[in-house]
Each structure stands twice: as C-alpha cells, then as structure tokens.
Amino acid sequence: RLYGDIANHAYYYVDVIVGNPPQRVSVILDTGSALCAFPCKQCKHCGSHVDPNFDFEQSRTAAWLGCGECTHGQCQNGKCGYYQGYTEGSSIRGFWFRDEISIGDMLQHNPPILAQMGCHNDENRLFFTQRANGILGISANPSQPTLLSRLLSSEAVGSHVFTICLAE
C-alpha cells in the first residue's frame, strides 16, 4: 500500500518489514537513488517518526557489514559506514547491515529477501522532520542495484513488472 501525498506530506511512503522477528519501518519512495536506509534504536540524532526506530539487537538475522565488505562507504570501528547528502541540505549517516526485508505490512505475508540496508544514527533537515522513518530508493539506473531490483530478480517474485499509481 502507498501512503502520503504531495499536498500534505510532499512525499509518498510504503511500509517494509525488516528482520526476524519482523519490525515495520515506513520509508519514503525515492526515484533518484538506490539507497534503503532508516534510523536504528541507537540513533543519537533522529526525529520522531511513524514507527519505532529499528532495533538491530532484536533481529536474529541482522549482521553488520564489516570493513572487508565496504564497497560504498568508509570503515569505522570495524563496520562499514555511509553518508548520504542531498542538494537541499538533508543528510543521513550510519552503518550498513544485511537482513531480511519485504515490502508491505505484516498482513500481506510478502516473501522476504536478504538485502543490504543502512542503519542511520544521524539524520538532518527533512529526514529529521519527516513522519516516515527512512528512505527506499527505487531508481531505474542499472548501475545502482536497489532493493526493488533485487526483489524482482529473486525467486520471490514471478514477474519483472513494477508499477506505482499516483492518483488522488
């Protein structure tokens, strides 16, 4: 299900289910990036959002990306860190991790896939004030694999078709 609107929220968002046991996280849809990231429970500078911050310690399937796996980011304290800044001044900073994730809420029973995500511990400007927890990049750029492209190429989805209908 797609939530939000341009007039009141200035963005659209969806729910994703992360980890085992599952935790719901709301994320804005971003057609310009491949990033999937949201605040974690230990976030030092994060706003108040729709869902509680993701509790990494509660997920039996979550694992931090180590420095050897750090292709996009910098090694910090044995973990792979990231920073993403945007033109209007918003930014997020945190650490990459891998866990199970599915699109939709827990009632839909969509199959999870194992994917890399960002767990931020610092968010500024629009990320701090938005109601949705994080961001889900759905860019169509083939050089930037997204959660959506990984889901479509997995055995969890029978067709390589994805649409969004934005109508009010």
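Which residue in S10 is the bridge partner of alanine 37? Select alanine 37 and look across to strand S10: the partner there is isoleucine 135. Keep in mind throughout that you are looking at a predicted model.

Now colour strand S4, residues 36–39, along with S10, residues 134–137. These two strands run antiparallel and are joined by 2 bridges. S4 pairs with S9 in the parallel sense, over 3 bridges. Alanine 37 has a partner on this side too, namely glycine 118 in S9.

Next, the cysteines. A disulfide is a covalent bond between the sulfur atoms of two cysteines. How many disulfides does the structure hold? There are 4, and if you number the bonded cysteines in sequence order, the pairing reads 1-8, 2-3, 4-6, 5-7. Cysteine 36 stays out of this scheme: the nearest cysteine sulfur belongs to cysteine 40 and lies 11 Å away. With a cut-off of 2.5 Å between sulfur atoms, that distance is why cysteine 36 counts as being in no disulfide. Cysteine 36 has a relative accessible area of 5%, so it is buried.

- Select cysteine 43 and cysteine 46. Their sulfur atoms sit 1.7 Å apart in a disulfide, the link is right-handed with 75° about the S-S bond, and both residues are buried.
- Move on to cysteine 67 and cysteine 75, another disulfide with S to S at 1.7 Å. The torsion about the S-S bond is about 50°, so this one is right-handed. Cysteine 67 has a relative accessible area of 31% and is partly exposed; cysteine 75 is partly exposed as well, at 45%.
- Then pick cysteine 70 and cysteine 80, bonded with S to S at 2.1 Å. The link is right-handed, with 75° about the S-S bond. It ties together distant parts of the chain, 10 residues apart: cysteine 70 is in the loop between strand S5 (63–64) and S6, and cysteine 80 is in strand S7. Both cysteines are buried.

Last, some backbone angles. Most residues other than glycine have a negative phi, and most peptide bonds are trans. Where do you find a cis one? Go to asparagine 20 and proline 21: a cis peptide bond joins them, with omega about 5°. Proline 21 lies in the loop between strand S2 (11–18) and strand S3 (23–30).

For a positive phi, select asparagine 77, with a value near 55°. Asparagine 77 is in the loop between strand S6 (74–76) and strand S7 (79–85). Its relative accessible area is 78%, so asparagine 77 is exposed.

Finish at arginine 125, where phi is also positive, near 55°. With a relative accessible area of 54%, arginine 125 is exposed, because the cut-off is over 50%.

Note on methods
Residues numbered from 1 in each chain as written. Predicted model: local features only at pLDDT ≥ 70, side-chain atom pairs only at ≥ 80, totals over all residues. Heavy atoms only, no water. Helix = DSSP H or I, 4+ residues; strand = E, 2+ residues; numbered from the N terminus. Buried < 20%, exposed > 50% of the residue type's maximum accessible area, 1.4 Å probe, protein only. Pairing = 2+ DSSP bridges.
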